[in-house]
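Visitor: I am new to this structure and would like to be shown around. Could you take my questions one at a time?

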Amino acid sequence: MNTALLSGKGADIYDLGSLPNEEYEQYVSKQLLLNMNDYMQQDQTLNKNDLKMSILDALKLKGGLYTVPSGYFMRPFVGDGNAIQNSGVKIDDKTWNWKTFDEISRQLIQQANKGGKKQLYALANNPPEVTLQEMVVDSYSGFVNREAKKVQFDSPAFIELLQQVKKMYDAKVITSDEAKMGNQLFYSSVIMSPADLIDGPYSAFENPVLLQKPHSGQSGGIRIIPTSQFGIQAKSPVKEEAWKFISFMLSDEAQSLNEREGFSLLTSVNNKKLDELQEKVKSGSYKLPTGKEAKVPDEAFTKFKQIVQDADQYAGLDGKVISIVGEEAASFFGGQKSAEEVAKLIQNRTTTFINE
């Protein structure tokens with residue numbers, strides 16, 4: 001791909017979704033990819049009121065639109081709605097952070113213990129360094145500014161996050177041990193299709209709630225993962241025709257194809273699929289993977305539509321940065337180094353990496 005793009009003689013359209021973020025940014029900085037902003041604005045065939053422009057805006061780099069996805073997955077929290085409702089605890093998932101999550105989880109676990117119920121955990125099945133990595137992914141732009149080539153892993157916010165994770169594991173609010181779903185209050189999920197809003201959550205809990213994950217920094221919708229990301233070669237002799245393909249990919253016809261992965265970039269297509277699922281549930285013909293009939297109230301579908309519509313949080317990630325965080329944090333969780341020492345090591349290694 002490097003050779004083809006540099007020569008200007010490669011393909012006209014590339015799927016850039018599997019590229020490391022640093023390579024994609026280099027292609028943009030070297031003007032090897034076409035900025036599709038003007039094409040998008042001038043295209044009269046697209047229904048901009050239906051198209052999820054917030055996702056396209058989130059994928060922009062340096063103000064330019066260099067990649068367009070065919071769909072997206074979502075990365076929400078799924079919680080035990082019955083446990084939350086019975087406790088009387090209110091969760092504002094637009095504003096909660098990991099400290100709030102810790103406090104709420106302790107209340108839920110304490111109430112369950114009073115009732116003589118089995119041991120509950122807020123989260124389970126991952127070691128602390130993996131949980132920390134996921135937290136950094138969810139708040140990536142708060143710690144990494146790739147454009148400015150700056151990182152903030154020696155900041156008080158990151159040191160506090162390290163200490164918060166350790167505190168939750170030490171208190172057994174979170175455990176690295178394997179726990180059955182009945183012993184777990186929340187789990188982090190990848191929702192890959194409208195049906196996934198029912199299949200996983202309603203197999204795990206009688207009354208699941210979908211939440212934005214605890215986060216630091218800006219509030220917004222649930223984090224998205226683009227499925228495929230298509231870009232046009234800047235030197236392509238057929239830019240207009242290439243854009244017509246991208247534009248068709250965003251049409252109702254293409255977005256409605258069963259073969260297309262993920263949620264649609266068109267609100268109408270997502271809502272139509274959710275309406276079809278709702279009718280199947282009402283008729284009793286929709287079965288969970290367990291074989292049981294799905295019991296999903298109508299108000300849940302209203303919330304599904306809102307969650308899908310609001311999901312637009314995205315940050316291009318450097319896998320190497322996330323790897324460094326996990327590698328160095330293990331020594332803090334193992335008691336070999338202090339949070340400040342680990343933060344400084346992560347700061348130095350990631351600074352070196354993004355400036356290479």
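**Helix packing and sheets**

Guide: H9 crosses H16 in a right-handed manner. The model is a predicted one.

Visitor: At what angle do H9 and helix H16 pack?

Guide: The two axes, of H9 and of helix H16 (residues 339–354), are 10 Å apart. The angle at which H9 and H16 pack is about 125°.

Visitor: How many residues of the contact of H9 with H16 are nonpolar?

Guide: On the H9 side the contact has Phe158, Ile159, Leu162 and Gln163, and on the H16 side Ala339, Glu340, Val342, Ala343 and Ile346. One residue of this contact is polar and one is charged. The number of nonpolar residues is seven.

Visitor: How are H7 and H9 oriented to each other?

Guide: The axes of helix H7 (residues 128–138) and helix H9 (residues 156–170) come within 10 Å. They cross at roughly 140°, and the crossing is right-handed. Angles over 145 degrees count as roughly antiparallel. H7 and H9 are therefore oblique.

Visitor: How many charged residues are in the contact of H7 with H9?

Guide: H7 contributes Pro128, Thr131, Leu132, Met135 and Val136, which meet Phe158, Leu161, Leu162, Val165, Met168 and Tyr169 in H9. Of the residues in this contact, 10 are nonpolar and one is polar.

Visitor: Which residues of H15 make the contact with H9?

Guide: The axes of H9 and helix H15 (residues 319–333) come within 11 Å and cross at roughly 55°, in a right-handed crossing. From H9, the contact takes Phe158, Leu162, Gln163, Val165 and Lys166. From H15, the residues are Val325, Ala329, Phe332 and Phe333.

Visitor: Which residue in E8 stands opposite Gly79?

Guide: Strand E4 (residues 77–80) pairs with E8 in the antiparallel sense, over four bridges. Opposite Gly79 stands Val209.

Visitor: Why is one side of E1 and of E2 left without a neighbour in the sheet?

Guide: The open sheet of three strands runs in the order E1-E10-E2, with antiparallel pairing. Strand E1 (13–15) and strand E2 (68–69) stand at its edges, so one side of each has no neighbour in the sheet. The reason is that each has a single partner strand.

Visitor: Which helix packs on the sheet that holds E1, E2 and E10?

Guide: E1 and strand E10 (residues 229–232) run antiparallel and are joined by three bridges; in E10, Ile232 is the bridge partner of Ile13. The helix that packs on this sheet touches E1, E2 and E10, and its direction makes about 160° with that of E10. The helix is H11 (residues 239–249).

Visitor: How many residues apart are Arg146 and Glu25?

Guide: The structure holds 14 salt bridges, and one of them joins the side chains of Arg146 and Glu25 (3.5 Å, N to O). Arg146 is in the loop between strand E5 (144–145) and strand E6 (150–151), while Glu25 is in helix H2 (residues 21–29). The pair links distant parts of the chain, 121 residues apart.

Note on methods
Residues are numbered from 1 along each chain as its sequence is written. This is a predicted model: local features need pLDDT of at least 70, side-chain atom pairs count only at pLDDT 80 or more; totals for chains, interfaces and linings use all residues. Side-chain values use heavy atoms; hydrogens and water are left out. Axes are lines fitted to C-alpha atoms, for helices over the stretch in contact, and angles run from 0 to 180 degrees between N-to-C directions. Helices (H or I, at least four residues) and strands (E, at least two) are DSSP runs, numbered from the N terminus. Angles under 35 degrees count as roughly parallel, over 145 as roughly antiparallel, 65 to 115 as roughly perpendicular and the rest as oblique. A crossing is left-handed if the near helix is turned anticlockwise from the far one by less than a right angle, and right-handed if clockwise. Contact means heavy atoms within 4.5 Å. Ala, Val, Leu, Ile, Met, Phe, Trp, Tyr, Cys and Pro count as nonpolar, Asp, Glu, Lys and Arg as charged, and the others, Gly among them, as polar. Two strands pair if DSSP finds at least two bridges between them. A salt bridge is a side-chain nitrogen of Lys or Arg within 4 Å of a carboxyl oxygen of Asp or Glu.
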